[in-house]
Amino acid sequence: GVKAWAAALRSDPAAGLSRLELVGVGLHAEQVTHLSLALRHNRTIQYVDLGHNKLTDAGVEAFTMALFRSNTLLGLSVRDNCLTFGATRALACFLLKNSSLHTLDLSHNAIDNRGAQALAGVLPTNRSLTHLNLSHNLLGPEGSAVLAHAVLANPRIRHIDLAGNCVSESGASEWAAALRAPGCGLTSLNLAHTTLDDKSGATLLDAAVHSTSLLVLDLGSPLHQTPPPPPPPQQP
C-alpha cells in the first residue's frame, strides 16, 4: 500500500527515480500525507502524477504543505480529484513559495471562478510555472478574464488550457487583448468547447494573427484553429 511506497521512497531518497505515477489507485487525503512526507526528502523525483484519485482539497493541502520547499518538483498532475476552491487556495500559497514547478494539471475538477482568482493572484509573481491546465472545470467568464490578466503580467507562461469551461464573449475579449499585447509570452491557448460564438472566434483569430508569440490557438473547430508549427527539420 501507500505506506510501503512511502517507506521505500524514504529508504533511499537519492535513488534514480524521476517520475512517480499513481494514477487511479484510489488515493485519499490521509494516504497522500504519508506519501508527501516521504517525497519531502526525495531529491530525484521531478514529476508526480496523482490523477484520477480521491484526494479532495484536503489531500492537495497536505501535499503542498509538505513540499512547498521542494526545488526538484517540476510537474504535478492532480486531475480528476474532486478539487474545489480549497485546493486552488493551497496551490496558490505553494506557488508563492515554490520556484521549481513549471507544469500544473488541474483538469477535470470542480474549480470555479474563486479558484481561478486564487491562482491568478500569484501567477504574476511566480517565476517558474509555464504550463497551466484548467480544462473541464467550472470556470465562468470572470474566472477566464482574471487568468488572462495574470498571464499578461507574466511572460514566462507559455501554455494555458481552458477547454470545456464557460469563457463566452467577455472572456474571449480579454484573451484577445492579452494576445495582442507585446508582453504576452503565450505560445499555446486552448479554448475549445468554451461557449464561444462566431464573433468571439473571429476576434480571437484576429488577435492570434497579430500575436508575436502564439503558435497554437484551439477553438474546437477546424475553422477556428491556427495550424501547429511545422516539425523541425530532421538531421541528415
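Author: The contact in question joins α6 and α7: on the α6 side it involves Pro141, Ser144, Ala145, Leu147, Ala148, His149, Val151 and Leu152, and on the α7 side Ser168, Ser170, Gly171, Glu174, Trp175 and Ala178. By class, eight residues of this contact are nonpolar, five are polar and one is charged. Two packed helices are described by the angle between their axes and the distance between the axes. For α6 and α7 (residues 168-180), the angle is about 5° and the axes lie 8 Å apart. Because angles under 35 degrees count as roughly parallel, α6 is roughly parallel to α7.

The model is a predicted one, and its confidence values deserve mention. The mean pLDDT of the protein chain is 90, with 90% of its residues at 70 or more.

Leaving aside residues up to four places away in sequence, its contacts are Ser107, His108, Asp161, Leu162, Ala163 and Asn165.

Cysteine 166 has a relative accessibility of 32% and so counts as partly exposed. Cysteine 93 is likewise partly exposed, at 42%. A disulfide is a covalent bond between the sulfur atoms of two cysteines; the structure holds zero disulfides.

Helix α3 (residues 56-67) and helix α4 (residues 85-97) have axes that come within 8 Å and cross at roughly 10°. These two helices are therefore also roughly parallel to each other. From α3, the contact draws on Asp57, Val60, Glu61, Thr64 and Leu67; from α4, it draws on Phe85, Gly86, Ala87, Arg89, Ala90, Leu91 and Phe94. In this contact of α3 with α4, seven residues are nonpolar, two are polar and three are charged.

Notes: Residues numbered from 1 in each chain as written. Predicted model: local features only at pLDDT ≥ 70, side-chain atom pairs only at ≥ 80, totals over all residues. Heavy atoms only, no water. Axes fitted to C-alpha atoms, helices over the stretch in contact; angles between N-to-C directions. Helix = DSSP H or I, 4+ residues; strand = E, 2+ residues; numbered from the N terminus. Parallel < 35°, antiparallel > 145°, perpendicular 65-115°, else oblique. Contact = heavy atoms within 4.5 Å. Nonpolar A, V, L, I, M, F, W, Y, C, P; charged D, E, K, R; others polar. pLDDT = per-residue confidence, 0-100. Disulfide = S-S within 2.5 Å. Buried < 20%, exposed > 50% of the residue type's maximum accessible area, 1.4 Å probe, protein only.
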